[in-house]
Structures are given as structure tokens and as C-alpha cells.
2 protein chains.
Amino acid sequence: MTSPPASPSKAVCLLSGGLDSSTCLALARREGYECYALSFDYGQRHRVELEAAARVAAALGAASHLVARIDLTVFGGSALTAGIPVPKGRQAQEIGQGIPVTYVPARNTIFLSFALAWAEVLETSHIFIGVNALDYSGYPDCRPEYIQAFERMADMATQAGVEGRTHIQIHTPLLHLSKAEIVRLGRDLGLDFSLTHSCYDPAPEGRPCGLCDACLLRRKGFEEAGIEDR
Amino acid sequence: MTSPPASPSKAVCLLSGGLDSSTCLALARREGYECYALSFDYGQRHRVELEAAARVAAALGAASHLVARIDLTVFGGSALTAGIPVPKGRQAQEIGQGIPVTYVPARNTIFLSFALAWAEVLETSHIFIGVNALDYSGYPDCRPEYIQAFERMADMATQAGVEGRTHIQIHTPLLHLSKAEIVRLGRDLGLDFSLTHSCYDPAPEGRPCGLCDACLLRRKGFEEAGIEDR
């Protein structure tokens with residue numbers, strides 16, 4: 001947990017509309033930050049998550065919510081954007097074993113870079129991201145070593161950093177929590193889980209498939225927390 | 001200068017269509033790399049540079065040229081994308097003194113992040129960028145310390161880096177060259193300067209204004225090199 005800012009500080013909060021990033025935003029709000037929520041339309045199959053992000057940002061009282069359009073489909077390479085099928089079912093036992101095909105190349109690096117740009121414009125050094133090292137499904141850019149390296153790079157990249165006026169802080173309050181702990185934290189923060197969306201491959205009307213990596217991790221988290229996911 | 005690869009290696013080459021990035025691409029080609037040129041449509045006033053980039057990529061025999069559409073206008077904050085006028089004329093004496101309003105927040109970080117994504121898909125560790133620390137006009141993300149920090153972060157961010165199979169190399173062959181030295185290098189590499197575009201605020205038909213930072217730096221470089229800029 002981070003210490004609360006003395007006066008309301010601005011923070012850029014990456015928000016996919018899923019369980020983790022929504023809990024992360026709820027925590028930043030609880031800690032007194034004025035939150036600038038940032039989502040991405042990156043050609044993802046599960047674009048319905050952007051509607052979830054808008055609902056969550058409004059419900060949690062974000063000061064602003066931007067959706068940046070970026071083109072990650074040009075490079076191909078991931079089941080989340082390209083013509084590769086999203087793996088189902090048997091994936092459960094494979095979680096945590098190697099990097100899955102749902103990995104989008106350099107995604108968090110790109111997302112954090114945009115967050116850094118907005119933070120620079122807002123003149124704040126606070127960025128929140130709901131990455132998680134335990135249930136991280138093998139994504140390399142969800143590890144603490146990566147986050148620290150990004151902070152060091154960010155300090156070199158920005159006007160404020162060069163002038164020594166600031167030190168970019170990437171807040172990762174969920175980094176060492178299990179999915180069940182995240183669910184409990186979200187509940188304690190009063191997060192309305194029904195607003196969030198996790199599925200990588202939802203039906204056209206937005207209904208989760210129940211079989212992909214994200215659905216399985218979510219279900220496991222709620223089950224272990226002993227909380228019902230409506 | 002970098003040592004030439006044993007067999008043709010792939011390299012992602014950031015290409016704005018300007019003098020520096022075009023010279024950088026020419027050098028990567030001369031060194032034997034199979035070049036994947038990457039440009040960005042980021043809402044810049046001087047979008048005509050994308051046509052220059054396409055001409056240069058074709059002339060230099062790039063294996064591929066992609067233009068990624070990204071939305072940097074959402075954050076505002078720079079004369080290159082927002083409604084802030086591009087400074088003219090008296091700017092000449094201010095070059096190198098502080099960070100100019102033409103600075104786009106976190107631009108090189110965002111550009112390099114996309115290059116990293118493509119490099120990961122192409123399974124190469126080579127990225128070329130034509131940044132320059134001498135005539136860099138005060139942009140923080142054109143300094144060697146920044147480039148090194150990005151390399152370290154990139155090694156943490158990628159599947160290949162995590163597995164220890166690769167070390168991301170950001171090649172910056174122009175880093176310590178003056179503009180005049182870049183012009184001479186471009187000439188020696190056979191670069192057709194008339195294909196390139198540098199102006200931040202061109203007339204609608206693409207003609208450079210002759211007064212902005214980029215125009216002044218370019219003119220100074222050609223004058224000092226004793227070479228005519230057609």
C-alpha cells in the first residue's frame with residue numbers, strides 16, 4: 001500500500017475494465033488520489049471491456065476517463081488481436097506455465113508509455129497499474145523487476161525527471177496479491193463487480209465465455225474468496 | 001558504429017521521413033540489416049512527413065514499411081499536435097536551451113515501445129533510432145542515459161529477454177554526431193536528401209516553412225557541411 005497524498009494528488013490509472021484494474025482504481029480513489037483513468041482501444045476482440053471501463057470510471061468518481069486509440073493489430077502476434085483462436089478449457093492447468101498466446105507483444109510497455117505521456121501533461125508523477133505477479137499467467141511485463149526498470153527509464157524520459165523535480169512512481173498495489181485477495185479487497189472497497197468485464201472472448205452481446213484464461217482465473221478467485229460473482 | 005551482423009539480421013528502424021531517421025535507415029541498410037521501417041501517424045501537423053517516410057523506405061530497400069496509427073492528440077500538450085503555434089524565427093538562438101513547446105510528451109518512449117512490440121513479433125533484438133544528443137533541441141528522451149534505461153527495461157519486458165535468449169539493442173548511430181556530420185554521412189551513404197522532410201509546420205502542399213526549429217537545424221547542418229539542400 002502507498003501512503004496517502006497530503007493534498008489530492010493526480011494519478012493516471014490504467015483501466016481495462018477488468019477485475020484487477022477496477023480494484024486498483026478503487027484503491028487509488030480510497031487513498032485520496034484524483035484519478036485520470038486511461039483505457040485503450042487496441043483492436044482487442046473483447047472491446048466490450050471498454051464499456052465496462054467507462055461504467056467503472058463513472059461509478060468510482062474518476063476525474064476523467066480517456067480511451068486512446070492505438071493500432072496494435074499491425075504487428076499481429078497475439079490471440080487477443082490477431083486471427084489466432086483464444087485457447088479454452090484445458091488452459092486452466094497451464095496457467096503460470098510459460099507465456100500464453102494471449103500475450104500481446106510489449107502491451108504493458110506501450111500502455112505505461114501512454115500513461116507516462118498523460119502524467120507528464122498533468123504534471124503528476126503517479127501512475128497506477130493493476131498488474132499482478134502471482135496470477136500473472138506468464139506475462140513478462142507483469143513482474144516487479146519490469147516495473148522497476150520502467151520507473152528508471154521514465155525518470156530519464158521526462159522533462160520533470162531530467163530537471164530532478166520528480167520521481168515517477170508506478171503504483172502496483174495488486175502486485176503480490178492472489179486473485180482471491182484481489183476479490184476480497186475489491187469487496188472491502190465497495191467495488192460493484194457486476195460493472196467489470198474479464199473475458200478475452202465474449203459473445204457478441206458481451207457475455208463471458210467462461211472458458212478462457214481470464215474467465216478461469218476470475219472464477220477461481222471468487223471461489224477461493226468465498227464470494228459470489230454476479 | 002555497430003558491427004555488421006554475420007547473416008542478414010532483421011532490424012526495426014524508426015523512420016519519420018526526416019533527415020536523421022532517413023540517414024539512420026541508410027546506415028542500417030549499409031550495415032547489412034534487413035530493415036523493417038516503422039512510422040507513426042500520431043496526429044502531427046506535418047503529416048506530409050509520412051509520404052517522405054514511404055519514399056525513403058522504398059528508395060533504401062526496406063523489407064517492409066508500416067505506419068502505426070496512434071492517438072497522441074488526446075493528451076494535448078505539444079505544438080506538434082495541439083493548438084499551440086509552432087515557434088518561428090527567434091527560436092534559432094534558443095535551440096539547446098531547455099525543452100521546447102514542440103516536445104511531444106513521452107514520444108520516443110511510445111515510439112520505441114511500438115518498435116519493441118514489432119521486434120518481438122519479428123524475433124529480433126535490433127532497433128534503430130536516429131536520436132541525436134548534440135543537436136537534440138532539449139528533448140529529454142534523446143539522451144544516451146535514456147536510451148540505456150530503455151534497453152534495460154526492454155530486456156525485462158519481453159519473452160525473449162525473460163528467457164535470457166536475447167538482449168535488446170537500441171542502435172543510435174547518430175547519437176554523437178553534429179547535424180553537419182549527419183548530412184555528410186547521409187551523402188556518403190548515397191541518401192537522396194530531396195526525398196526527406198524535416199519541417200514541423202509545412203505549407204499545405206508540403207513546402208517547408210524555413211523558420212521552425214527543424215528547418216533551422218537542417219539549414220545549419222547543410223551550411224556547415226558545405227552541401228546544397230535541394
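**The sheet and its partners**

Reply: In this predicted model, five strands of chain B form an open sheet in the order β3-β2-β1-β4-β5, and the pairing is parallel. The strands β3 and β5 (169-171) of chain B stand at the edges with a single partner strand each, so one side of each is left without a neighbour in the sheet. Neighbouring strands of this sheet are turned by 25° against each other on average, with direction ignored.

Me: How do you know that strand β2 (residues 34-41) of chain B and strand β3 (residues 64-69) of chain B pair?

Reply: Two strands count as paired if DSSP finds at least two bridges between them, and β2(B) and β3(B) are joined over six bridges in the parallel sense, so they meet that condition. Among the partners, B:Ser39 has B:Val67 in β3(B) as its bridge partner.

Me: What makes a β-α-β unit with β2(B) and β3(B), and which hand does it have?

Reply: The unit consists of β2(B), helix α2 (residues 48-59) of chain B and β3(B), and it is right-handed. The hand follows from the path from the first strand over the helix to the second, which runs clockwise when the strands point away from the viewer.

Me: Why is the relation between chain A and chain B called that of a two-fold axis?

Reply: A rotation of 180° with 0.0 Å of shift along its axis superposes chain B on chain A, with an RMSD of 0.0 Å. That is the relation of a two-fold axis. Of the residues of chain B, B:Ile70 comes closest to the rotation axis, its C-alpha being at 2.2 Å.

Notes. Residues are numbered from 1 along each chain as its sequence is written. Chains are lettered from A and ligands numbered from 1 in the order in which they are written. This is a predicted model: local features need pLDDT of at least 70, side-chain atom pairs count only at pLDDT 80 or more; totals for chains, interfaces and linings use all residues. Copies are superposed by least squares on the C-alpha atoms of residues with pLDDT of at least 70 in both. Helices (H or I, at least four residues) and strands (E, at least two) are DSSP runs, numbered from the N terminus. Axes are lines fitted to C-alpha atoms, for helices over the stretch in contact, and angles run from 0 to 180 degrees between N-to-C directions.
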